[in-house]
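Thanks for coming, everyone. Please put the chain up on the screen and keep it there while I talk.

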Amino acid sequence: QLVESGGGLVQAGNSLSLSCTSTGYFNSYNVAWFRQSPGKEREFVAAITWDGADTHYADFVKGRFTISRDHDKLIVHLQMNGLKPDDTAVYYCAADGVAGIHIRADEYRYWGQGTQVTVSS
């Protein structure tokens, strides 16, 4: 079970930090963040391998978002800086044990319930 937290309402240009926590084998899983806004498909945001050695970002967040993980705390963070109104969405954490970076939602077995991020202009 994955649990996201940290969403909220912020003004454009500000920052938010999302967290994804779990138990059990979480440290063995590759983890990704996806987002979905009304009327749109769920889209890939960022991913990190189980050991934190590799990360990958969608082009629209490069240079603004950073994904990281803390094995001691069983947590994955998504630091979001320079937020824009277009970043408004429900953000989901996803995890899977298949090796490597994956950017398709159907490649992830485990999902959280999502956390709402709203960016006002």
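This is a predicted model: local features need pLDDT of at least 70, side-chain atom pairs count only at pLDDT 80 or more; totals for chains, interfaces and linings use all residues.

Overall fold. The chain has 0 helices and 11 strands. How does the radius of gyration of the chain compare with that of a compact globule? For 121 residues the globule value would be near 14 Å, and the chain has 13 Å, so the two agree. The C-alpha trace spans about 40 × 30 × 25 Å along its principal axes. Buried residues are 40% of the 121. Now take the contacts with a separation of 6 or more: 58% of them are between residues 24 or more positions apart.

Next, the sheet. Look for an open sheet of 4 strands, in the order β1-β3-β8-β7, with antiparallel pairing. Which strands stand at the edges? They are β1, residues 3-5, and β7. Each has a single partner strand, so one side of each has no neighbour in the sheet. From one strand to the next, the twist averages 15 degrees. Inside the sheet, β3 and β8 run antiparallel and are joined by 6 bridges. Threonine 21 stands opposite isoleucine 75 in β8.

Now the disulfide. The count is 1. Cysteine 20 pairs with cysteine 93, with the sulfur atoms 1.9 Å apart. The angle about the S-S bond is -70 degrees, and the link is left-handed.

On to the core. In soluble globular proteins, nonpolar side chains tend to be buried together. Here the largest nonpolar core has 33 residues. Trp33, Leu78, Met80 and Tyr91 have the most contacts inside it. Strands that each supply at least two residues of this core include β3 (16-21), β4 (30-36), β8 (75-80) and β9 (89-96).

Last, arginine 64. Find it in the loop between β6, residues 55-57, and β7. Is arginine 64 buried or exposed? It is buried, with a relative accessible area of 13%, and the cut-off for buried is under 20%. Leaving out residues up to four places away in sequence, arginine 64 touches Gln79, Met80, Asn81, Gly82, Leu83, Lys84 and Asp87. Met80 is also one of the core residues with the most contacts.

Methods. Residues are numbered from 1 along each chain as its sequence is written. Side-chain values use heavy atoms; hydrogens and water are left out. A nonpolar core is a set of buried Ala, Val, Leu, Ile, Met, Phe, Trp, Tyr and Cys residues joined through side-chain atoms within 4.5 Å. Buried means under 20% relative accessible area, exposed over 50%, partly exposed in between (1.4 Å probe, protein chains only). A disulfide is a pair of cysteine sulfur atoms within 2.5 Å. Two strands pair if DSSP finds at least two bridges between them. Axes are lines fitted to C-alpha atoms, for helices over the stretch in contact, and angles run from 0 to 180 degrees between N-to-C directions. Contact means heavy atoms within 4.5 Å. The radius of gyration is taken over C-alpha atoms; the globule rule is 2.2 Å times the number of residues to the power 0.38.
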